[in-house]
Amino acid sequence: MTLGVCYYPDHWPRDRWREDAAAMRERGIERVRIGEFAWSLLEPDPGRYDFAWLDEAMDVFAEAGLGVVLGTPTPTPPKWLIDAHPDVLPVGPDGRVRGFGSRRHYCFRSRTYARETERIVGALAERYGHHPALAAWQTDNEYGCHDTTRCWCDTCRADFRTWLEARYGTPEALNEAWWTTFWSQTYRSFDEVELPGQAVTESNPSHELDFRRFASDGVVAYDALQRAAIRRHSDAPIVHNSMMLFPDYDHVDLADGLDVVAFDNYPLGQLEESPFDDATKARYLRTGHPDLVALSHDLYRGLKDAPHWVMEQQPGQVNWAPSNPLPADGAVRLWTLQGLGHGAEMVSWFRWRAAVGAQETNHAGLLRHDATPDQAFEEAGRVADDVGAPRAGAASAAARDVAAGLADAATPRASVAILFDYDDVWASEIQPHTAGFGYWGQVLTYYAALRGLDLDVDLVPKKKLGLPAADGGRDLAPYAAVIAPAMQLVSDDLAATFEAYVRAGGRLLFGPRSGARTPSGLAQAPAPGPLRPLIGGRVTRIDGLRRGVTRTLEADGATYTYGTWADLLEADAEGEVRATYHDPAYRGAAAWVARRHGDGEASLLGAWLEPAALRPLLRPWLEAAGVTPRELPDDVRRAGRWWLNFGDTDRTVDGVTIPALDAVEVDAG
Ligand code: GAL
Ligand code: ZN
């Protein structure tokens with residue numbers, strides 16, 4: 001594993017650079033990410049480039065043996081550019097232009113911005129594409145951050161109409177796909193279609209779904225434009241840093257074009273912003289929720305089924321969550337080892353030194369504002385020793401190259417897969433139907449139950465199933481068991497892929513809402529549509545419970561509690577009822593219906609259970625699939641070759657004691 005750090009030579013006097021670079025090497029750091037917001041320094045006036053400072057910084061890093069991940073500065077177009085081309089600015093759903101003064105103030109579809117992007121990215125790629133310090137390129141920074149994936153400008157409106165025409169061909173086809181006779185929404189031409197989200201009450205959900213698809217395509221096309229500008233001058237690997245579990249664009253599509261995928265890991269900020277209840281947030285206040293963090297790792301590794309990077313790793317408190325607690329002593333080290341255990345080839349801290357001014361003044365770094373070591377600086381040193389990162393006193397051999405690092409990275413091999421898909425994310429977001437129903441919440445529930453049973457999990461993109469390997473196609477055959485939570489949109493082709501897996505002996509479990517909608521967002525009549533013959537049953541009604549209300553169901557003589565959601569099921573003649581609801585309003589409906597197909601089986605479990613309730617329910621199901629689960633204490637998780645204890649009391653697993661907030665090698669016992 002390689003360690004890295006995000007650094008801003010543009011923020012500090014030149015006479016610090018050498019000293020900082022040497023201190024990084026002493027901490028075992030081999031990569032440094034720079035430049036992603038530096039446009040106004042690189043091009044102080046239109047067309048007048050100033051590369052002198054970056055030339056010097058690159059040379060300093062090269063001499064120190066640091067590999068540079070060079071960010072393209074496009075998240076922050078300078079003031080002169082915006083003043084000359086106000087059409088670059090994005091427009092919010094309220095119709096107001098989002099102005100200059102922070103970041104991400106551009107529309108992904110602005111033609112002007114495409115030209116300006118090609119120009120600045122091309123100039124950088126030409127100058128540094130063969131620099132000895134260059135390890136990789138990062139395109140832009142956190143696409144979509146601050147709600148910027150969707151834009152309501154005139155260009156976006158016109159492009160959306162063209163996009164719809166390409167998708168549907170005729171207005172009649174669109175009317176049918178969106179069911180527009182409802183509320184008199186019929187369109188006579190594509191030019192009549194507006195952008196959704198500006199109507200009196202909710203817009204048509206199929207309209208919303210297509211707008212999200214369209215906006216996502218815009219991000220992916222914009223990234224392709226950046227990559228092409230780089231590729232004209234450089235063949236270094238290209239990466240983009242996404243936010244943890246960010247829902248607004250399709251990561252699978254973005255990953256297709258990238259050489260490496262990366263995400264930014266902020267366990268405490270993420271927990272604060274997550275849908276967990278207050279008790280859970282309080283409990284994991286200083287460590288983050290271990291399964292939430294691990295889920296991000298497995299998701300980003302899963303995008304390309306290859307080692308990923310953590311481009312930004314929280315080093316201390318952040319500045320942007322509703323409250324920003326300090327991490328526990330040892331947490332920064334645990335997060336880094338957790339990354340390694342889940343297949344990350346690089347973990348890079350954000351940031352080297354705390355910013356003395358501007359928006360992120362309250363954000364910690366490895367060094368404090370005054371450049372004295374903060375707590376994470378010590379932990380970074382411990383991590384370097386844990387992972388055997390070379391710690392140099394001075395300049396040393398060039399940092400190992402990206403390809404070699406990726407080839408060395410250990411990718412866990414799982415026997416259980418969870419399927420995910422961004423169309424399904426959007427369908428849940430557009431019509432959650434009950435407060436608390438969320439796509440990632442569903443995925444996390446199953447994921448946490450499996451992790452609590454000490455199982456490695458692969459996240460597999462639904463849209464890659466059934467494709468040829470050359471197109472990144474993925475196969476379910478290697479998995480003993482597969483879970484599909486909240487997979488709302490199901491086509492006939494997808495159902496056929498599932499059927500083949502099950503007939504070959506696979507075990508498939510669908511969660512609540514599965515198969516509820518067609519790919520354009522209409523109701524399957526009845527749900528789960530083409531999955532019905534597979535599971536041997538159908539959904540007759542649905543129940544959206546209010547927050548805090550729970551009910552029970554019965555399986556194999558035991559009682560389990562659920563909340564938020566219930567699909568009420570009825571078994572067909574070939575199906576078998578595995579669990580039944582207690583609530584009299586359900587009139588004896590089934591909660592879990594299954595159908596065997598030779599050695600394989602498929603089933604739908606309609607209730608949303610907590611991970612603790614799911615574990616005992618899933619155990620026999622997993623055992624029947626030939627998987628061997630074992631129950632772990634809540635705070636302990638295995639990540640690759642480490643036991644990690646995120647709690648504040650010592651724990652024992654298999655006779656091995658894992659001290660509080662510490663890591664122990666699994667085979668140490
Ligand atoms: C990330 C972003 C960084 C910085 C950081 C603060 O989302 O990429 O530029 O803002 O958050 O935690
Ligand atoms: Zn726009």
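Predicted model: local features only at pLDDT ≥ 70, side-chain atom pairs only at ≥ 80, totals over all residues.
Residues are numbered from 1 along each chain as its sequence is written, chains are lettered from A and ligands numbered from 1 in the order in which they are written, and side-chain values use heavy atoms, with hydrogens and water left out.

**View 1. The whole protein chain.** The chain holds 20 helices and 24 strands; helices (H or I, at least four residues) and strands (E, at least two) are DSSP runs, numbered from the N terminus. Its C-alpha trace spans about 75 × 70 × 45 Å along the principal axes. Of the 669 residues, 61% count as buried, where buried means under 20% relative accessible area, exposed over 50%, and partly exposed in between (1.4 Å probe, protein chains only). Among contacts (heavy atoms within 4.5 Å) with a separation of 6 or more, 72% are between residues 24 or more positions apart.

**View 2. The open sheet β20-β21-β24.** Three strands form this sheet in the order given, with antiparallel pairing; two strands pair if DSSP finds at least two bridges between them. The edge strands, β20 (636–639) and β24 (663–665), each pair on one side only. Neighbouring strands are turned by 25° against each other on average, direction ignored; axes are lines fitted to C-alpha atoms, and angles run from 0 to 180 degrees between N-to-C directions. Four bridges join β20 to β21 (residues 642–645). R638 has W643 of β21 as its bridge partner.

**View 3. R16 in helix α1.** R16 lies in helix α1, which covers residues 14–26. Is R16 buried or exposed? R16 is buried, because its relative accessible area is 18%. Apart from neighbours within four places in sequence, R16 is in contact with Y7, R353, L367 and A371.

**View 4. Two cysteines, C107 and C156.** C107 counts as buried because its relative accessibility is 1%. C156 is also buried, with a relative accessible area of 4%. A disulfide is a covalent bond between the sulfur atoms of two cysteines. With a disulfide taken as a pair of cysteine sulfur atoms within 2.5 Å, the count comes to zero.
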